[in-house]
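Welcome! Please take a moment with the sequence and the 3D structure below, and then walk through the main features with this briefing.

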Amino acid sequence: MQDLNELIEKMSGIRQSILSETSDLSDSKMVYEMKKTFLDKNGRIGQMMRFMREIDPSQRADFGQKVNELKNWAQNYFSSMDEKMKEKELELRYESEKIDVTMPAVTHEVGCLHPVTQMRNQLIDIFSGMGFEIYEGSEVENDYYNFTALNTPQDHPARDMQDTFYLSPEFLLRTQTSSGQIHVMENRKPPIKILSPGKVFRSDDDATHSPMFSQMEGLVVDRSITLGDLQGMLDVFVKKIYGDDVRTRLRPSFFPFTEPSVEVDVSCFECGGKGCNLCKHTGWIEVLGAGIVNRKVLENCGIDPDEYSGLAFGIGLERIAMLKYGINNIKQLFESDLRVLSQINDH
Ligand code: DAH
């Protein structure tokens, strides 16, 4: 038989334990765990009920009431402790997640396309509007496609016009996108109308030349193609890039793969042709090389020059971009200096 007084003492011991054992709890999770050790069915208060059978029946009601009192007290005690902990935790969370609205904002820089890429895209737009298809050749070429087939055989003096990076006696880094003309003409029958953009390489390095630069080759082969067709197409292109008032003029020149060959000038878009520093007081600015495809080149590709004729042009993208955006040193296009690049955003 259990003595009620002993049990009551035990219960006041449990109450003391709750008070002392919870004094250094620091978060709601700990409170929860501790609460279980007292209030679960097998917890220290839960177990008190087991003594019910072992006490004098006349004292059971009294005992039951005392256990319930303890249980209620413990429940209230733990829930108020839990509430306090949660309040504290919320405060800490607020503190750690506090936003200082006076802090300078984190801004995200929005990038833009490189000026040469912008120019490339604009030209592709303009020429595809005239029905040109894009052909991208490869940067490593063999001597035949870069020179020989373009009517520039081994000992031809025109080879000196371009300082070539050779990879082996046969292979080289293409010096001009003109090599694409040969690949296309070997594989397709006229009518042909292609635009071939890409990087080209020459051992050349000064304010207006870089060892790597970008070209865009145009080639049209069909019946009765003339210089008039060439000028008409180039007029559309320069007006779109430099403005409607700009005119073109063709000057005789020499390229082994075109006959006749021309240098294309545009009337100075800076001074309108009166003469200024940009046009070196001539009123004209040279923008590209072009011509009527040499009969020999057509023959080299198995196209009958008596039936077909072609026009070709080669545009230097950096040059066109430098003129358009007023950049006078080509290095500025390769240095990735955002102060320069971020000012140029046509699209
Ligand atoms: N390939 C020449 C160069 O890199 C540019 C050129 C001139 C291309 C005349 C042509 C052309 O297609 O007809 O200097």
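V140, L167 and F171 together make a nonpolar surface patch of about 260 Å². This is a predicted model, in which local features need pLDDT of at least 70 and side-chain atom pairs count only at pLDDT 80 or more, while totals for chains, interfaces and linings use all residues. Residues are numbered from 1 along each chain as its sequence is written, and side-chain values use heavy atoms, with hydrogens and water left out.

**The surface patch**

- Patches are made of residues with over 30% relative accessible area and no salt bridge; like charges are joined within 9 Å, and nonpolar side chains (Val, Leu, Ile, Met, Phe, Trp, Tyr) within 5 Å.
- Accessible areas come from the Shrake-Rupley method with a 1.4 Å probe, and for residues only the protein chains shown count as cover.
- Helices (H or I, at least four residues) and strands (E, at least two) are DSSP runs numbered from the N terminus.
- Buried means under 20% relative accessible area, exposed means over 50%, and partly exposed lies in between (1.4 Å probe, protein chains only).

**The ligand and its surroundings**

- The ligand is surrounded by 16 residues, and the closest are Q176, S178, R202, Q215 and E217. A residue is near a molecule or strand if one of its heavy atoms lies within 4 Å of it.
- By class, this shell has 5 nonpolar, 9 polar and 2 charged residues. Ala, Val, Leu, Ile, Met, Phe, Trp, Tyr, Cys and Pro count as nonpolar, Asp, Glu, Lys and Arg as charged, and the others, Gly among them, as polar.
- An N or O atom in the side chain of Q215 is 2.8 Å from an oxygen atom of the ligand. A polar contact is a pair of N or O atoms within 3.5 Å; within protein, one must be able to donate a hydrogen and the other to accept it, and residues adjacent in sequence count only if both atoms are side-chain atoms.
- The backbone takes part too: a polar backbone atom of A312 is 3.2 Å from an oxygen atom of the ligand, and a polar backbone atom of F313 is 3.4 Å from an oxygen atom of the ligand.
- Taken alone, the ligand exposes 350 Å², and the protein buries 92% of that.
- Which elements give two or more residues to the shell around the ligand? They are β5 (212-222), β8 (284-293) and β9 (309-316).

**Salt bridges**

- The structure holds 15 salt bridges. In a salt bridge, a side-chain nitrogen of Lys or Arg is within 4 Å of a carboxyl oxygen of Asp or Glu.
- R93 pairs with E97 in a salt bridge, with the closest N and O atoms 3.4 Å apart. R93 is partly exposed at 48% relative accessibility, and E97 is partly exposed at 48%.
- K98 and E95 meet through their side chains in a salt bridge of 3.4 Å, N to O. K98 is exposed, with a relative accessible area of 59%.
- R251 and E286 also meet in a salt bridge, at 3.5 Å from N to O. R251 lies in strand β6 (residues 248-255) and E286 in strand β8, so the pair ties together parts that are 35 residues apart in sequence.
- R251 counts as partly exposed at 29% relative accessibility, as does E286 at 37%.
- A network of salt bridges links R249, R251, D265 and E286.

**Backbone details**

- P190 and P191 are joined by a cis peptide bond with omega of about 5 degrees. P191 is found in the loop between α6 (179-187) and β4 (192-201).
- Another cis peptide bond runs from E259 to P260, with omega near 0 degrees, and P260 lies in strand β7.
- H281 is not a glycine, yet has a positive phi of about 60 degrees. H281 lies in the loop between β7 (258-267) and β8 and is exposed, with a relative accessible area of 56%.
- From C-alpha to C-alpha, H281 and S26 are 84 Å apart in space, and 255 residues separate them in sequence.
- S336 has a positive phi of about 55 degrees, although not a glycine. S336 sits in the loop between α9 (317-325) and α10 (338-341), and is exposed at 55% relative accessible area.
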